[in-house]
Amino acid sequence: MATILNDCFAEHHKLLPAEEALARLRAGVSPVVGCEEVSLANAKGRILAQNLVSPNNVPPFNNAAVDGYAFNSQDLSANIETTLAISAYIAAGGETPAPLQSGSAARIFTGAPLPAGADTVIMQEDVTADEQSVSIPQHTKTGINWRPAGEDMSTGETVLLAGHRLRPQDIGCAAAMGYAKLSVFKRLKVAVFSSGNEIYEPGQTPPEGGIFDVNRYMLMTQVRQTGAEVSDLGILPDTLDATVAALDLAAKNHDLILSSGGVSTGDKDHIAHAINQLGQINFWRLAIKPGRPLAFGHIANTALIGFPGNPVATGVCFMRFGFPLLCALSGQIWPEPIKLTLPAAFSLSKKPGRTEWLRANLQVDTNGRSQVDKHPRQGSGILTSLVGADGLIELCESSTRIEIGDAVSFLPFSQFNVA
Ligand code: AMP
Ligand code: MG
C-alpha cells in the first residue's frame with residue numbers, strides 16, 4: 001500500500017495559495033505546439049503564430065462614405081447656395097479618377113475613389129441636382145463624408161499579435177489586409193480520463209455503489225471549447241499499476257493530460273504517486289475551495305493536471321487553472337481572468353487562509369444597478385449550482401466576512417467558454 005507522506009511529498013504538506021499556484025503555472029509555460037497554415041475560412045478559434053502586419057493602407061485609397069457629390073470647399077460662395085457643373089461620374093470599382101476640374105463637382109457613390117482636388121462629399125439627400133449641375137446649400141459642413149486612405153490600418157502597422165485567438169472580427173481584419181492564409185499554432189493534444197472504481201459510463205447500468213462519469217464529459221467539452229484535440233482515455237480503476245501504465249502511455253503522444261478523481265491522500269488515490277513515479281509534481285495541495293487536492297506536474301515534456309473528483313471542483317478548477325494553462329500551452333498569450341467588481345447581494349462568513357469560488361448569478365437591484373448573488377446551494381457535489389450560475393465569485397484568502405453591498409470579484413463564465 002502506498003504511503004503518501006513520504007519524503008518526495010514533504011513540501012506538499014503545506015497548502016499552496018491559489019495565486020502562487022497560478023504564478024508557478026504561468027512561469028513554467030510556453031507554447032508546445034508547432035505551426036501550420038490555415039485558410040481564412042478555417043481560422044476561427046485558432047491561435048495566431050505570426051504578427052499580422054498590414055502590407056497596405058486600409059482603406060487603400062481616399063473614398064466616398066455616402067452617395068452624393070464631391071467638390072472642393074474653396075469653390076463654395078459664402079452665405080449663398082452654390083451651383084456647380086457636374087464634370088465627372090465616379091462609381092465604386094473604377095480606376096483612379098482624374099483630378100476634379102476646378103469649380104465643378106463629381107457625381108460619386110459610396111466606396112468610389114475620391115478625385116484629387118475634392119475635399120468634401122455632400123449626401124445626395126441634401127442637394128438639389130440634375131444630370132448637369134448640383135446646388136449646394138449655404139452653411140454646408142466641409143471636409144466630410146469621405147474616408148482617408150489608411151484611416152483604419154496603415155501600411156506597416158502591426159494589427160494583430162502572435163498568441164491572439166482569432167475571433168470573427170479578427171478574421172475580417174486579416175481579410176481587409178489581404179491575407180488569404182494565416183500561420184496558426186497546431187492544435188494541442190489533450191488526453192482526458194476519469195478514475196475511480198465507482199465511476200461508470202453513462203448509458204450503462206451501474207451496479208450498487210456506482211455513479212455515472214460526469215467529469216470526463218465535462219472536461220472533454222471544456223477542452224474542445226478551447227480548440228484543442230481531445231483523446232478520450234476512459235475510466236481508470238483505483239490501482240496504482242493501472243494508473244501508472246495509463247499516464248505513461250498517454251504522456252508519449254499528448255501535450256497535456258487531464259485526469260479527475262484519485263488525487264487526494266486516501267489509500268485509493270493513486271494519481272499523485274503515479275506522477276511522482278513517472279515524472280515530477282510541481283504542486284499538489286492548494287489553499288482553495290472547492291478543490292484542495294489539485295496535482296500539477298510533468299511526465300517528460302507532457303504537462304499533467306489531476307483535478308479533484310467532485311464535479312464542481314473539477315469544473316471550477318478547470319476554469320481557474322486548467323483553462324489558462326491549456327491556452328498558454330496552445331500558443332495563446334496567458335489569459336488573465338476578467339474580474340468585475342460588483343456589490344454582493346448576500347452575506348457570508350468564510351474561513352480565512354483559502355481562496356474560495358462561489359457559483360453566482362448577475363442580478364439587477366430595484367434601482368437598476370448590477371449586483372451579484374451566490375447560488376443558494378454551494379456544495380461541491382451540487383453540479384446543478386454550476387448549471388444554474390453565470391459566473392464565479394472569487395473570495396480572496398484573507399477575507400472572513402462578506403456583508404450585503406460589499407464589493408466582490410465576479411468572473412463571468414463567458415471568458416472560460418462555458419457561458
Ligand atoms: P475522489 O477524489 O476520487 O475521492 O472523488 C471525490 C468524489 O468525487 C467522490 O464522491 C467520487 O465518487 C466523485 N467523483 C470522482 N470522479 C468522478 C467523476 N468522473 N464523475 C462524477 N463524480 C466523480
Ligand atoms: Mg476516487
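Predicted model: local features only at pLDDT ≥ 70, side-chain atom pairs only at ≥ 80, totals over all residues.
Residues are numbered from 1 along each chain as its sequence is written, chains are lettered from A and ligands numbered from 1 in the order in which they are written, and side-chain values use heavy atoms, with hydrogens and water left out.

Me: What makes β5 and β9 paired strands?
Reply: Two strands pair if DSSP finds at least two bridges between them, and strands are DSSP runs (E, at least two residues), numbered from the N terminus. Strand β5 (residues 82-90) and strand β9 (residues 133-136) are joined by 4 bridges and run antiparallel, so they meet the rule for pairing. Within that pair, A85 has S133 as its bridge partner.

Me: Why are β7 and β8 said to stand at the edges?
Reply: The open sheet of 6 strands runs β7-β4-β6-β5-β9-β8, with mixed pairing. Because β7 (120-123) and β8 (128-129) each have a single partner strand, one side of each is left without a neighbour in the sheet.

Me: How do you know that E198 makes a polar contact with ligand 1?
Reply: A polar contact is a pair of N or O atoms within 3.5 Å. An N or O atom in the side chain of E198 is 2.5 Å from an oxygen atom of ligand 1, so the pair qualifies. A polar backbone atom of G309 is 3.2 Å from a nitrogen atom of the ligand. For S194, a polar side-chain atom lies 3.5 Å from a nitrogen atom of ligand 1. The protein covers 75% of the 480 Å² of accessible area that ligand 1 has on its own (Shrake-Rupley method, 1.4 Å probe).

Me: What makes a residue count as part of the surroundings of ligand 1?
Reply: One of its heavy atoms must lie within 4 Å of the ligand. There are 14 residues around ligand 1, and the closest are E198, D213, V214, G262 and G309. By class, the shell has 5 nonpolar, 7 polar and 2 charged residues. Asp, Glu, Lys and Arg count as charged, Ala, Val, Leu, Ile, Met, Phe, Trp, Tyr, Cys and Pro as nonpolar, and the others, Gly among them, as polar.

Notes: Polar contact = N/O pair within 3.5 Å; in protein donor to acceptor, adjacent residues only side chain to side chain.
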